[in-house]
Amino acid sequence: LAAVGGAGSDNVIKYRCIEEDLERVFIVMELCLCSLFDVIARPANAMAALGDRERLPRLVSEEERLRVARELLSGTAFLHANGVVHSDIRPKNVLFTRCPSTGGERLGTLKLADFGLSKEGVEAPDQSFTMTLMPNGNGGWYAPEVMRKKKPTAKVDVFMAGCCVCYILTGGRHPFDAHDCPPNSYERTGNVLAGKHDLRALLTLVSPQHPAALDLLRAMVDIEASERPTVAQALEHPFFWPVERRHEFLCACGNLEQVKSGGRNAQALLPPSLLPGGAPWTAALDPALWEQARARTKYNTRSVPDLLRFLRNLQQHGADRDMKAGMAAALAEPGGPAAYFERLFPWLLVPVWRAAPSLDSGQQLSSFPMPDVAPSGGGGTASGGSVGCSGRDSGMGAGAGAGACAGAGAGAGAGAGAGAGA
């Protein structure tokens with residue numbers, strides 16, 4: 001595949017040549033600095049292996065973590081587009097090149113490596129295949145169908161990539177670790193087999209994107225392979241959209257006829273139960289902005305469709321002279337009004353995106369990627385579903401910061417498998 005090129009090809013390790021003698025085979029690859037496991041779980045050991053010649057970059061900013069997560073999925077999508085299933089995506093098999101242009105402060109390009117378990121000729125996401133070699137299953141990185149020795153599909157890569165994305169975003173947490181329990185790889189593996197993921201570590205994300213991250217990862221690590229998205233679909237999830245595009249989407253939804261008319265379908269798909277704590281959405285607004293906005297248009301402050309109308313109207317008229325004073329805080333926000341309103345209403349994007357296919361009868365949202373399955377009308381939570389704890393009696397909303405999960409899991413950073421190449 002090294003000569004194929006195309007989107008995501010830069011995120012797959014390139015094999016340069018093969019040499020062999022009577023006893024050994026030598027494979028020459030691109031030179032890489034370290035693995036994802038080195039960066040997060042053991043930076044001190046990795047630096048010692050480098051002879052303390054350089055400081056190992058860290059994944060500190062959310063922007064950098066998002067970049068790494070996107071590159072991981074891009075490389076996997078490239079493989080799938082060319083009929084290859086990796087079958088062994090985990091932190092020790094995710095490598096990084098050096099990035100000399102930043103003076104060693106930033107990780108270079110992500111490279112998927114170690115194709116010992118890979119399978120060629122898999123042309124469709126639901127096409128099953130037989131694994132020539134079986135993994136040992138240690139560490140909880142493999143999909144449940146692999147550990148049960150069922151015939152896998154390309155969705156095994158989706159599961160493993162989802163686990164790695166969680167590991168990246170949270171600085172080392174595995175989605176099947178229990179939130180408040182010490183490391184235990186055996187119990188983590190048991191949680192994988194039972195479908196008991198715990199994604200509450202994502203609530204520590206500084207940005208308002210944690211509901212979107214929760215929605216994406218819940219789907220990627222679903223115990224049922226058929227319920228997982230393809231990698232290409234995962235890359236189109238709103239979690240990876242720029243903040244301006246997320247805001248543009250919400251405003252476009254506010255212009256849908258069903259939303260503007262406040263019809264029963266819109267009210268059922270976006271019920272008042274989505275409002276955090278049941279409080280009116282105006283509770284989050286600057287009073288000056290609300291006073292100026294309601295002087296123009298009447299809104300039901302406990303209606304989610306009316307909140308979408310409010311955002312759409314501000315997009316259209318926020319620059320008008322009589323709105324400038326109220327919009328001052330939004331305009332002063334780093335990232336502008338899009339970042340400002342996302343900070344005020346972080347819970348809004350996911351349930352609206354999930355409901356959009358049922359609201360858009362006129363195909364007004366055709367420029368935005370849509371989820372495959374639209375939700376049925378009815379209640380919901382501020383995250384568009386229960387957060388974090390699957391396979392348990394109790395869940396918690398996206399805005400909540402407390403709650404307990406039964407069952408134990410393993411601690412972060414206990415990756416297993418082949419080491420990183422250099």
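Is Cys163 buried or exposed? Cys163 is buried, at 0% relative accessibility; buried means under 20% relative accessible area and exposed over 50%, with a 1.4 Å probe and protein chains only. This is a predicted model, where local features need pLDDT of at least 70, side-chain atom pairs count only at pLDDT 80 or more, and totals for chains, interfaces and linings use all residues. Residues are numbered from 1 along each chain as its sequence is written, and side-chain values use heavy atoms, leaving out hydrogens and water.

| Residue | Relative accessible area |
|---|---|
| Cys99 | 13%, buried |
| Cys163 | 0%, buried |

Searching the whole structure turns up zero disulfides (pairs of cysteine sulfur atoms within 2.5 Å). For Cys163, the closest cysteine sulfur is in Cys164, 6.9 Å away and too far for a bond.

Now for helix α6, residues 185–194 (helices are DSSP runs of H or I, at least four residues, numbered from the N terminus). Its buried residues are Arg188, Thr189, Asn191 and Val192. They span an arc of only 155 degrees around the axis, so they sit on the same side of α6 (the arc is taken from directions from the helix axis to the C-beta atoms). Their cover includes α4 (144–147) and α5 (155–170), with contact meaning heavy atoms within 4.5 Å. After α6 comes Gly195, with a positive phi near 70 degrees.

Conventions
Helices (H or I, at least four residues) and strands (E, at least two) are DSSP runs, numbered from the N terminus.
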